[in-house]
Structure formats: structure tokens, C-alpha cells
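I opened the model to look up two things and noted them in order.

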Amino acid sequence: MSGIDKVGVIGGGLMGSGITEVAARAGLDVVVIEISPEAAKAAAERVEGSLRKAESRGKIESAEVTAVLDRIRFETDLETLADRDLVVEAASEDEQIKLELFRTLGRVLTKDDAILASNTSSIPIVKLGAVSGRAHHVMGVHFFNPAPVMQLVELIPSLTTSAETLDRMRGWVTDTLGKQPIDATDRAGFVVNSLLVPYLLSAIRMYEAGYASAEDIDRGMVLGCGHPMGPLALSDLIGLDTIKAIGKSMYDEFKEPLYSPPPLLDRMVDAGLLGKKSGQGFYGYEGR
Ligand SMILES: C[C@H](O)CC(=O)SCCNC(=O)CCNC(=O)[C@H](O)C(C)(C)COP(=O)(O)OP(=O)(O)OC[C@H]1O[C@@H](n2cnc3c(N)ncnc32)[C@H](O)[C@@H]1OP(=O)(O)O
């Protein structure tokens with residue numbers, strides 16, 4: 001057994017709310033930290049909205065929705081995480097923000113063997129471990145969007161993560177959450193984003209160059225390759241700011257031009273066109 005019963009999640013955005021839902025549905029007590037009461041309220045609505053959708057699809061009973069929601073608390077003070085067995089950081093993909101969080105969390109957690117995990121897709125885990133002062137207990141645990149639906153979790157130990165921490169996280173992901181892990185090394189992009197992000201950026205470049213319409217690029221990959229959604233719709237789902245941040249981290253690490261965010265992506269992020277979460281990306285989502 002992983003011995004992980006009390007979980008903290010930093011950030012209730014797309015990924016944080018999904019991870020919260022997954023953990024609470026597995027019967028765990030979850031505290032979510034947001035930056036303001038307003039953001040905490042939005043995170044609570046996100047989790048409830050997803051549970052109601054699952055309920056409407058017959059994936060979960062109504063009584064269980066209430067029980068799951070009762071297992072989640074939304075807070076704004078990191079100190080409320082003191083008694084947690086595991087904290088999963090799912091803040092925005094910004095190295096400075098994450099470093100500051102790990103510095104603070106390393107001090108806040110009171111249990112000697114408490115694990116600090118990051119859902120980062122591209123920031124070096126070893127750096128987060130170093131600033132936390134408890135590097136043996138720090139690793140990456142990378143979920144996929146939408147977390148309640150996607151089966152995969154990447155496990156990323158750094159050079160300083162202990163074997164025991166990795167074993168406990170593998171047990172948690174497999175036995176408690178019922179997800180399927182793969183192991184990755186601490187390199188920007190890990191396994192999946194190293195393959196996925198250049199593909200998404202290539203689709204954006206193709207659209208930018210006027211090769212084809214967004215709809216036809218997406219239909220091409222859905223109908224021609226059997227993907228559940230096309231690359232531009234998937235970019236909107238992930239969030240264009242997130243894709244830009246991941247591409248930039250990967251480019252910084254490898255200097256591989258395919259990872260470099262194209263100008264159209266920069267401009268869309270500057271304009272606040274972030275995809276589904278902002279209501280507009282390559283497609284419009286108002287009222288959807
Ligand atoms: C960038 C990051 O670092 C890494 C990433 O996250 S990369 C992104 C990875 N994600 C992807 O590639 C997503 C690709 N897209 C897909 O798989 C699908 O299009 C999708 C799952 C997003 C949506 O599929 P679609 O069929 O249109 O949606 P929907 O019918 O609402 O839901 C799909 C299934 O999930 C279920 N579901 C939805 N919400 C749920 C929830 N909260 N809990 C449980 N099940 C849920 C639905 O009931 C449905 O199940 P069914 O097929 O048995 O009825």
C-alpha cells in the first residue's frame with residue numbers, strides 16, 4: 001500500500017480540478033489550494049460540473065457525487081496542507097511559480113515521508129526537488145487532460161528521487177487511482193509531450209501557412225488516422241498558453257526548431273485566445 005490517504009492539490013484549473021476529481025473518486029480526502037476565494041469557487045464549480053457530466057452519462061450515481069464533493073475542501077492558504085501524505089502541484093506551467101511553491105511546500109509538510117509531486121509537463125523535476133529541501137521525496141506525476149477520462153499517468157523520478165518514493169507513487173497511481181503508469185526520465189516533454197507537442201505545433205504552422213482550413217486539418221487526422229480529435233481541437237482543449245509554455249521549455253532544453261512555438265501561437269496567447277477555457281481558440285466555445 002502507498003499509505004497515501006490525505007492529498008493536497010495546488011491549483012484548481014483544468015488539470016488540478018481533474019486530478020482532484022480522480023483522487024476524491026478514489027475515496028481520498030483532498031484539499032485544493034487556489035490563489036483567491038473567487039478562483040477557489042471557480043475550481044469547485046469545475047469539479048462539480050465534471051461530476052455532473054459523469055452522472056448524466058451514467059458513470060457515477062447521484063449519491064456518490066455528493067459523497068465525492070464532501071471529500072474535497074477548497075482553501076487559499078498553503079499552510080492547510082501541513083498534514084498531507086501527498087501534494088500534487090498543478091499550478092500554471094511557469095518555472096518561477098513552481099520553484100516558489102516547492103520552496104514553501106518543503107517547509108509546510110510535516111510528515112517525514114510526505115511526497116511532493118509536480119504535474120509539470122516540461123520543467124526539470126530535479127530543480128523542484130533541490131529547492132524543496134526534501135529532494136528524495138519529490139517526483140513528477142503527469143496526468144492527461146481530461147484527467148478523469150485519460151488512463152495514462154507518466155511517473156518521472158529525478159536523479160535525486162528515492163526508489164521508495166517512486167514505488168509509493170506507482171502503487172498510488174495503479175492501486176488507488178486505477179490508472180496505468182509509464183516511466184519517463186526527467187527530460188523536458190517526458191514521453192508523450194515529446195511526440196505530441198511537435199505534432200500540434202506542426203498543425204498550427206500548417207494552418208498559419210494557409211495549407212488548409214482548421215476544420216480540414218482536424219478532419220484529416222480524425223478520419224485519416226482515427227484520432228479522437230484533430231490537432232487544432234486538441235490544442236484548444238489543452239490550452240494554447242500551456243502548449244506555448246511546454247514548447248518553449250522543450251525548445252530551451254533541446255534547441256530543436258520543431259519545438260519552437262510558431263508566431264501565430266504567440267499572437268493568439270497574447271490576444272487571450274487560449275482555447276476552450278477562454279471561449280475562443282482555433283474554434284469558438286461560447287455557451288458550450
Ligand atoms: C499537455 C499535457 O501536458 C498533456 C495532455 O493532457 S495531452 C492531451 C491528452 N488528451 C487527449 O489527447 C484527448 C483526446 N480526445 C479524446 O480522447 C476525446 O475526444 C475526449 C475524451 C476528450 C472527448 O471525447 P467525447 O466522446 O467527445 O466526449 P464525452 O462523450 O463527453 O466523453 C468521453 C467518455 O468519457 C466519459 N466521461 C466524461 N467525463 C467524465 C468524468 N468526469 N468522469 C468519468 N467519465 C467521464 C464519458 O462518459 C464518455 O464515456 P463513454 O464513451 O463510455 O460514454
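I listed the residues around the ligand and got 22, of which Arg 25, Arg 57, Lys 59, His 142 and Asn 145 come nearest. The model is predicted, so I kept its limits in view: local features need pLDDT of at least 70, side-chain atom pairs count only at pLDDT 80 or more, and totals for chains, interfaces and linings use all residues. Residues are numbered from 1 along each chain as its sequence is written, and side-chain values use heavy atoms, with hydrogens and water left out.

An N or O atom in the side chain of Arg 57 is 2.7 Å from a ligand oxygen. For His 142, a polar side-chain atom lies 2.8 Å from an oxygen atom of the ligand. For Lys 53, the corresponding distance to a ligand oxygen is 3.0 Å. I then took the ligand alone: it exposes 1,100 Å², and the protein buries 70% of that. These accessible areas come from the Shrake-Rupley method with a 1.4 Å probe.

I turned to the domains. The assignment, which is automatic or from a database, gives domain 1 (6–183) and domain 2 (194–277). I found their C-alpha centres 26 Å apart. The contact (heavy atoms within 4.5 Å) takes 7 residues from domain 1 and 6 residues from domain 2.

I looked up the buried area, meaning the accessible area (1.4 Å probe) that two parts lose on being put together, summed over both. Domain 1 and domain 2 bury about 560 Å² between them, with 66% of it on carbon and sulfur atoms. Leu 14, Ser 122 and Asn 145 supply 59% of the area that domain 1 buries against domain 2, more than any other three residues. I note that Asn 145 is also among the residues that come nearest to the ligand.

Note on methods
A residue is near a molecule or strand if one of its heavy atoms lies within 4 Å of it. A polar contact is a pair of N or O atoms within 3.5 Å; within protein, one must be able to donate a hydrogen and the other to accept it, and residues adjacent in sequence count only if both atoms are side-chain atoms.
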